[in-house]
Amino acid sequence: MADRKTVTRQTIIGEKGIALIERRCLEMGHLFHPRRVDHGIDGHIDLVDPDSRAVLNLTLLVQSKAQDRPFSGETDDGFHYLCDQRDLDHWLSGNSPVILVFSHPESHEAWWVEVKAAFPDTVSRASRRVDIDKHTQRFDRDAAQALLRLAMPRTTGLYLRPAPITEVLTTNLLPVIEIPPTVHLAPTAFIDYRAAGAALEAHGRRESGWILRDNLILSFHDLRDSPLRVLCNGDPERHETREWADSDDLDTQHRFADLLSRTVQGSYPELRWHKDRKHMHFRATSHLGPRKAGRGPGSRGRTVFGPHTSKSDPQCVGYYHHAALRTRFRRLDGVWYCQLEPDYCFTTDGYTEYPFADRLLAGIKRLDRHPAVRGWTRMWANYLCQDADLFTEARPVQFGELATMTVDRGIDDRWWGPAPSGAAPEDDQDASSGGQESLDTVPAVADAETEDLLSLLQDGESDTGASRRRNPGSKSRSAGLRMPRQGRAGSARPLMDSVTLDEPELEFGGAARHIDPRFGITNYGPADLGAADAPRAIRVGLVGPADQLDGLRRWLERCREPIAAKDEKYPHLFPEFPGCDTDRGLHTTLVFSDRNTRAISSRDLRAIEAASQPAALTKAVSIYAEEIRALADENRVDVLLVARPEQLIDTVGRSARGLKAASDLPAPDTPDELAPAQFANFHDLLKARLLHLRQPIQIIRRSTWDEATRPSEGHSRQDEASRAWNLHVALYYKAGGVPWRLLRNPADLTTCYVGVAFYRSDDGSSLSTSVAQVFNERGDGVIVRGGPARISRTDRQPHLARADAHALLVHALDAYRREHHTAPARIVLHKTSAFTDDEAGGFQDAADERFIDTLEMSWITSSEGAAAFRPGDAPPLRGTLVTLGERELALYATGSIEFYRTYPGMYIPRPIGIRPVSPTRNPRELAAEVLALTKMNWNQTRLDGRLPVTLRTANQVKSVLRFCPPDQAVATRYAHYM
């Protein structure tokens, strides 16, 4: 019988390897096409969009390496492979991505690696060796997103949803699981804690865990038998704890929270209360040596007190650090929690505060990262939850484990980069209020090393971020027991609800969509492209020192052509500027002329420089205002570009206090409505002086266009392309253009967005409504000033009377009609303080009077204290929405961003709070609308804003209006304030 052709075993193995690749690609939702002729490439993958199922016209080349025996050095963890030199040269020579897929077809196992990533340099290419981690490089359905990211051209702006990775987020909310069954109260003559404490000490007694409210003393201790009896001025009463814990009365809730807080403060002898910092911190050890605490689930413990050597004299102790904690008790969905906010305290001797403590805290704020805050939060949770020892009385308030939640989208930290320098937009910079010292300067002034602060943050950073597995029926699973310990045990409550919202799309030219303003404008043009009123040419007036105007004009002329991207590692975060001309980008051109240029004379500049503060600031504003008015009156320009005097120093001020240095600003977390007039700067004063002009003003610093000029103290400088983006978009908007608009479903009601905020006048004498800031979907803003507001004694927040709330919204709707020649069918009203019944009623009266179908009111807080922590290095994704209660939401409007492949902020992101009042939409829809409104910011062109436009504009409007007398006519367009 003649010999028959045979098929080798390796051929069968190879075909099985190809079949396995095809099957895995189908599981991912992609299409694999094998090649019948193998010249070092076995096939290619056509990639498919996971949402639309559209074929993306993106391909990956594939080389299969299938074996039925172990690969070289194979273990349960990995193996290595030695590539043929000719194959390696072939794979690296093209511009298409090539992946190697290694497989054991018989066991249905496969792993992959991208060739250029495996051989990034000449050393690795010379070795020809690729190492495979069998745990992290599996070729299965979880690799689908990684393949898409690999194939996408880095500069096209194509974007994907975050990967469908299930993650458990841990909050900073510690549930209260046991509380004493009885609250005791009695009349008292004391209204001051200091006097009451002195009375206790006069009787040789001490006791903690009590509060004074409205001539009453309240405590969990029995006042009949307690040392507190000396403070009572009548017979004590007993009340069931649940009467207080479950009360819907806000004042009662505040009392109960205060009682919980003071009880906990007195339950840990190792902690000391700092009345000025409003936090607890660990006491110094008797020998002033270091001490660790907080060992437990997810943490090996941290150094909670310790010495630090002086930078100038390493033989001496410069200061001591104390781990500190701010707490806030709050009731969420019927359960009481202790909200943990780690802090730091610095002393010279274990007791006296270090003179440069604020500088060290500022340095830590700059260095703090997500893993460090997560680790310190776990440490404090473990410490507060630990059982009392044999020598300590059982603590009256006891806690469970930190509340957790599960999200359906997450981050593969292997593919993400660290936060890049220079990425934070102006929204994230506290420098808007005067700036910060450089990171190098802060520790140096405090006689400390930056590495010393880093070691404090990274202490115990190898702690796991994952929460311990728990029995579904265990006590710790419960999110909090409102019942007293003598009562019946509470039932377990489900974990908090959380969802990740899609990144909102915006509309650009031709009704095209994109999530990022810069890529949308580059690919499709501005939203009003082709409209009759779109600014095709913007006449720019220039005002400033002569030595700046020539350089500024040359830079703007150069911006007609593209400006290269900064960083190839983050192509979506730092894209190129496409240039500003009629055939690209914003499809407009900037027009200059000598007639529209006004130079500030050298004599005037010398006068400004010679004047002392605050006279220099006043003189500069007067000199510039005169030149700007003269140019504006000629009516030949659309926008005025003002180069500020380089030597001018912004100052802080209020006439009653005098003017101070910018470094003496109030703390950044001081509520805007309650703080004194903070920052009298050139920008705000000049705009307040010129609000009557028709043309908006854009103020520019020399460091924006001149690379040789360092930014002034407290200001960072972005890359040149980002600066060009931000400036040109602002000019386009101020000239009447629409760079982008909200995406609107034609079936949706026409919506008017209103923001209500409050400010003090410059002399601090009155608190007034700053506006309704009124916007439509296009982002056209109208500013309306309202009537007086008053601070409530109940919540210490500003509020309007019913008539004033009604009048404010009526005026806002009238302004909207005048501007847009139509009335909205729906109003979304955001406010910076809680709604009283009078306010809600007044706003509703106005809506009814104007026949508005729908009114959605929400209290938006700029910083929600509840926080969530991922198990990895990056913070939660932007769009993470946590339902804290029936009408309490926490939304991460800043955070990690899939499109950027990093968290692009300077500081740890904090969620904003959303408190809807009588909502007609579900919480997810309300939050998605707020998230979309954060993108309507024409001062910066990244996709992530921190606040919705309704409230973000309030900060700029307030800063200008507080310098305007009540009877001064002001501009109605928002463009005049930004």
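User: The expected span of a helix is 1.5 Å times one less than its number of residues. What span should the 19 residues of helix 16 have?

Analyst: This is a predicted model, in which local features need pLDDT of at least 70, side-chain atom pairs count only at pLDDT 80 or more, and totals for chains, interfaces and linings use all residues. Residues are numbered from 1 along each chain as its sequence is written, and side-chain values use heavy atoms, with hydrogens and water left out. Helix 16 (residues 615-633) should span 27 Å, and its end C-alpha atoms are 27 Å apart, which agrees. Helices (H or I, at least four residues) and strands (E, at least two) are DSSP runs, numbered from the N terminus.

User: Which residues of helix 16 are buried?

Analyst: The buried residues of helix 16 are A616, L617, A620, V621, I623, Y624, A625, I628, L631 and A632. Buried means under 20% relative accessible area, exposed over 50%, and partly exposed in between (1.4 Å probe, protein chains only).

User: Where is D214, and is it buried or exposed?

Analyst: D214 lies in the loop between strand 11 (210-213) and strand 12 (216-219). Although not a glycine, D214 has a positive phi of about 50°. Its relative accessibility is 57%, so D214 counts as exposed.

User: What about D333: which loop holds it?

Analyst: D333 is in the loop between strand 18 (317-332) and strand 19 (335-347). Its phi is also positive, near 55°, in a residue other than glycine. D333 is partly exposed because its relative accessible area is 48%.

User: Changing topic, how many disulfides are there?

Analyst: Taking a disulfide as a pair of cysteine sulfur atoms within 2.5 Å, the count comes to zero. C559 is in no disulfide; the nearest cysteine sulfur, that of C580, is 8.2 Å away.

User: Finally, what is the make-up of the whole chain?

Analyst: The chain has 23 helices and 44 strands. Of its 978 residues, 55% are buried. Among contacts (heavy atoms within 4.5 Å) with a separation of 6 or more, 70% join residues 24 or more positions apart.
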